[in-house]
Each structure stands twice: as C-alpha cells, then as structure tokens.
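Okay, thanks for making time, everyone. I'd like to walk you through one model today, so let me put it on the screen.

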Amino acid sequence: MFDGVCNFCSRSVRLALRLDRHRRLRFAPIQSPYGRLLAVHGGIDPDKPDTFLFIDRGRALTGSDAVIALTRRLPAPWRWFAALRFVPKRWRDAGYDWVAQNRYRLMGRRDTCMIPSPEIRARFVLEPPAS
C-alpha cells in the first residue's frame, strides 16, 4: 500500500515494478478501496498516510522494515539495501520518517492518484478480494 498522489511514492512503485523480474509484487494505492482497507487494518490513517505498508508472508510491515522487505525481493544491487536491517531500527526509522514527512516537498504531489499504464495494471490491486 502506497500514497498514490505522492510523486516520490509513485516513482518508487514504478521502479519496483520494473525491477521485479518475477512479477510477484502487487501494489494498492491508499486512495483505492483496497488500499484504504489495508491502511485501516494496518493502523494507518488512510486520509493522512505517513508510512508505506508491505505485507510480507502475512505480516504487515511499515517504515524501514517495509522498505527492507521489499528490497529483498528485488535483484542485485537493489536487494543489497536489505543490509540496512543491521542498522539500529531507531536510526533506520528516523531516516524513513524524515523522508516520509518531507516527500511532498522533495518531489511534489498530484491532485489525483497515479493511473497505472495498461501493461502494469494487472499488478495493482484496487478492490478487496471477493470473499
């Protein structure tokens, strides 16, 4: 789950999709019905998202833990960022929080959510799975 109006977040998702050779990663913008559901379930305010949520083998991860779990699924050299898990969590999260709080100032934001291109649309989950 990511902030679909955030340019930094949208570009990061596009990069992850391009690098994901096995096409395993799926994303949901927080502005979608499923993204809102994931956010609430993960304890995130869907109207004021302050973190990225990554579901890893059934565990909901946020902040630097989410980024590390995501990078572990990418090819080298990107997966090497997973070595950040050896940095104290307090320091990692402080860096993550700074970027998250300044993401709009750093790269701007859109008025509407990112629209996935037809070739990557299948890798986005916009509605909750049918029960």
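**Patch, cores and salt bridges**

Let's start with Leu-84, which counts as partly exposed because its relative accessibility is 40%. For the cut-offs, buried is under 20% relative accessible area, exposed is over 50%, and partly exposed is in between, with a 1.4 Å probe and protein chains only. Leu-84 sits in the loop between H3 and H4. Helices here are DSSP runs of H or I with at least four residues, strands are runs of E with at least two, and both are numbered from the N terminus.

Two quick notes on where this comes from. It's a predicted model, so local features need pLDDT of at least 70 and side-chain atom pairs count only at pLDDT 80 or more, while totals for chains, interfaces and linings use all residues. Residues are numbered from 1 along each chain as its sequence is written, and side-chain values use heavy atoms, with hydrogens and water left out.

Back to Leu-84: together with Trp-78 and Phe-81, Leu-84 makes a nonpolar surface patch of about 280 Å². Patch residues have over 30% relative accessible area and no salt bridge; nonpolar side chains (Val, Leu, Ile, Met, Phe, Trp, Tyr) are joined within 5 Å, and like charges within 9 Å. The areas are Shrake-Rupley with a 1.4 Å probe, and for residues only the protein chains shown count as cover.

Now the inside. In soluble globular proteins, nonpolar side chains tend to be buried together. By nonpolar core I mean buried Ala, Val, Leu, Ile, Met, Phe, Trp, Tyr and Cys residues joined through side-chain atoms within 4.5 Å. The largest one has 21 residues, and those touching the most other members are Phe-2, Leu-25, Phe-27, Phe-52, Phe-54, Leu-70 and Phe-124. At least two core residues come from each of helix H1 (7-19), helix H3 (63-71) and helix H4 (89-107). H1 is the top contributor, with five. There's also a second, separate core of eight residues, including Met-1, Tyr-34, Ile-44 and Leu-53.

What does Phe-54 contact, leaving aside its neighbours within four places in sequence? With contact meaning heavy atoms within 4.5 Å, the list is Leu-25, Arg-59, Ala-60, Leu-61, Ala-66, Ala-69, Leu-70 and Arg-73.

Over in helix H1 there's Asn-7, which counts as buried because its relative accessibility is 14%. Beyond its neighbours within four places in sequence, Asn-7 contacts Met-107, Gly-108, Arg-109 and Arg-110.

On to charges. A search of the whole structure turns up nine salt bridges, each being a side-chain nitrogen of Lys or Arg within 4 Å of a carboxyl oxygen of Asp or Glu. Take Asp-47 with Arg-36, where the closest N and O atoms are 3.0 Å apart. Asp-47 is in the loop between helix H2 (33-41) and strand S1 (53-56) and Arg-36 is in helix H2, so this pair ties together parts 11 residues apart in sequence. Asp-47 is exposed at 58%, while Arg-36 is partly exposed at 33%.

Asp-56 pairs with Arg-57 at 3.7 Å between the closest N and O atoms. Which of these two is buried, and which exposed? Asp-56 is buried, at 6%, and Arg-57 is exposed, at 74%.

Last pair: Asp-65 and Lys-89, with closest N and O atoms 2.8 Å apart. This one links distant parts of the chain, helix H3 for Asp-65 and helix H4 for Lys-89, 24 residues apart. And finally, salt bridges with shared partners join Asp-56, Arg-57, Arg-59 and Arg-73 into one network.
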